[in-house]
Amino acid sequence: AAGSGGTSTGCTPGAQQTVGTCQKCGTSRRTCKATGTWGDPVCEDQKECNPGEKSTTGCADPCAEKTCGSSCTFGTCGKASTSKCLWNNGSEWQCCGAKKWQYCSKTTCDWHACDACPSNSSCYTSCT
């Protein structure tokens, strides 16, 4: 008879093979089944996020977010890409004219309308 008459097993049962990377900086691995054929790849060793992903979880400021970096971990909270300002517990303000200021809105994350500085405020001397 010609040939072996059988098929190659392809792998040793229980063996693992790395086949690439997968989401969240994970490693895609497949395991050899008892039948000697490779199983479907499984994503293992994932980290917390996909690069570029944004989250507000853990950010105390409603106008803040954190971004997932290339190492698949979130950085620190900073001003959200959709925010004009950080609320900063109601203490975030800027000068908007001579003796005028505006505060960051907690709900819109945008500056309130420009208003006159009270004469006893720090903005009265800061905003010239």
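Here is a walk through this predicted model, from the whole chain down to a few residues. Local features need pLDDT of at least 70 and side-chain atom pairs count only at pLDDT 80 or more, while totals for chains, interfaces and linings use all residues. Residues are numbered from 1 along each chain as its sequence is written, and side-chain values use heavy atoms, with hydrogens and water left out.

Let's start with the overall layout. The protein chain has 9 strands and 1 helix; these are DSSP runs numbered from the N terminus, with helices (H or I) of at least four residues and strands (E) of at least two. In sequence order the pattern reads β-β-β-β-β-β-β-β-β-α. The radius of gyration is 29 Å, well over the 14 Å that the globule rule gives for 128 residues, so the chain is more spread out than a compact globule. That radius is taken over C-alpha atoms, and the rule is 2.2 Å times the number of residues to the power 0.38. Along its principal axes, the C-alpha trace spans about 105 × 20 × 20 Å.

How much of the chain is buried? Buried residues make up 25% of the 128, where buried means under 20% relative accessible area, exposed over 50%, and partly exposed in between (1.4 Å probe, protein chains only).

Now for the inside. The largest nonpolar core has 5 residues: Cys 63, Cys 85, Trp 87, Cys 104 and Cys 109. Such a core is a set of buried Ala, Val, Leu, Ile, Met, Phe, Trp, Tyr and Cys residues joined through side-chain atoms within 4.5 Å. Leaving out residues up to four places away in sequence, Cys 63 touches a list of residues including Gly 78, Lys 79, Ser 83 and Leu 86; contact means heavy atoms within 4.5 Å.

Next, have a look at the loop between strand S5 (64–67) and strand S6 (78–79), where Ser 70 lies. Ser 70 is exposed, with a relative accessible area of 71%. Beyond its neighbours within four places in sequence, Ser 70 is in contact with Cys 25 and Pro 51.

Most residues other than glycine have a negative phi. Cys 72, though not a glycine, has a positive phi of about 65 degrees. Cys 25 has a positive phi as well, about 60 degrees. Cys 25 belongs to the loop between strand S1 (16–22) and strand S2 (26–31), and is partly exposed at 33%.
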